Amino acid sequence: MSQEITLKRARGIAFKMLGFRARTCHQVRAALLKKGAPEALAAEVIDELLEAGYLNDREFAQNYLSVRLEQKAHGRRYYLAKLCQAGVDTQLAKEVLEEVYTKHQEEEQAIHFVERLRQRGETCPQKILRKLANRGFSASVSRSALNEENYPPEWPL
């Protein structure tokens, strides 16, 4: 669709997107550009939505985290990557993570995940560390979770 669109149509596209779920400024801009809106028109629509309070990347990040933290156990790196992938500014994503997902919560999530792995029969600390890393947990949090689960210190971590 290389045909340019009008301001009214661009607003309609943006409101339709926001009607389904919250979006970031980046997501709305990308959709408008994909539909054929010129950059200036996309910027105008986004400015209007920001001013009206329909777009707010900080609220998007907070809501995203509050919902996701109730689901699977993941570390801060995972959530930072997901927020940045959605178009939230890296610095803003880090700030929101600090506010919403404390270091203590992350450690609890990691410990709970290690407990579940042990219940399923996983005993190799290296495999557990890999699984924790794949879920976005830092090395220090992962080792702390293993120590909490009383893995012998002679295991090469």
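Modeller: R76 counts as buried, with a relative accessibility of 15% (buried is under 20% relative accessible area, exposed over 50%, and partly exposed in between, with a 1.4 Å probe and protein chains only). The model is a predicted one, in which local features need pLDDT of at least 70 and side-chain atom pairs count only at pLDDT 80 or more, while totals for chains, interfaces and linings use all residues. Residues are numbered from 1 along each chain as its sequence is written, and side-chain values use heavy atoms, with hydrogens and water left out.

The side chain of R76 meets that of E98 in a salt bridge, at 2.6 Å from N to O (a side-chain nitrogen of Lys or Arg within 4 Å of a carboxyl oxygen of Asp or Glu). R76 belongs to helix α5 (residues 76–85) and E98 to helix α6, so this pair ties together parts that are 22 residues apart in sequence (helices are DSSP runs of H or I with at least four residues, numbered from the N terminus). Side chains of opposite charge can pair when their charged atoms come close.

Helix α6 also supplies E95. Its salt bridge with R58 has the closest N and O atoms 2.8 Å apart. Since E95 lies in helix α6 (residues 90–100) and R58 in helix α4, the pair ties together parts 37 residues apart in sequence. Here both partners are partly exposed, E95 at 32% relative accessibility and R58 at 28%.

The structure holds six salt bridges in total. Another of them brings together the side chains of R29 and E39, at 3.1 Å from N to O. This pair links distant parts of the chain, with R29 in helix α2 (residues 25–34) and E39 in helix α3 (residues 39–52), ten residues apart. R29 is partly exposed at 28% relative accessibility, and E39 is likewise partly exposed, with a relative accessible area of 42%.

K16 is found in helix α1 (residues 7–20) and counts as exposed, at 59% relative accessibility. Its C-alpha atom is separated by 27 Å from that of L69, which is 53 residues away along the chain.

In α9, V141, S142, A145 and L146 are buried. Seen down the axis of α9, these buried residues fall within an arc of 135°, so they line one face of the helix (the arc is that of the directions from the helix axis to the C-beta atoms). The buried residues of α9 pack against α7 (103–119) and α8 (125–134), where contact means heavy atoms within 4.5 Å. After α9 comes N150, whose phi is positive, near 60°.

Technical notes
Helix = DSSP H or I, 4+ residues; strand = E, 2+ residues; numbered from the N terminus.
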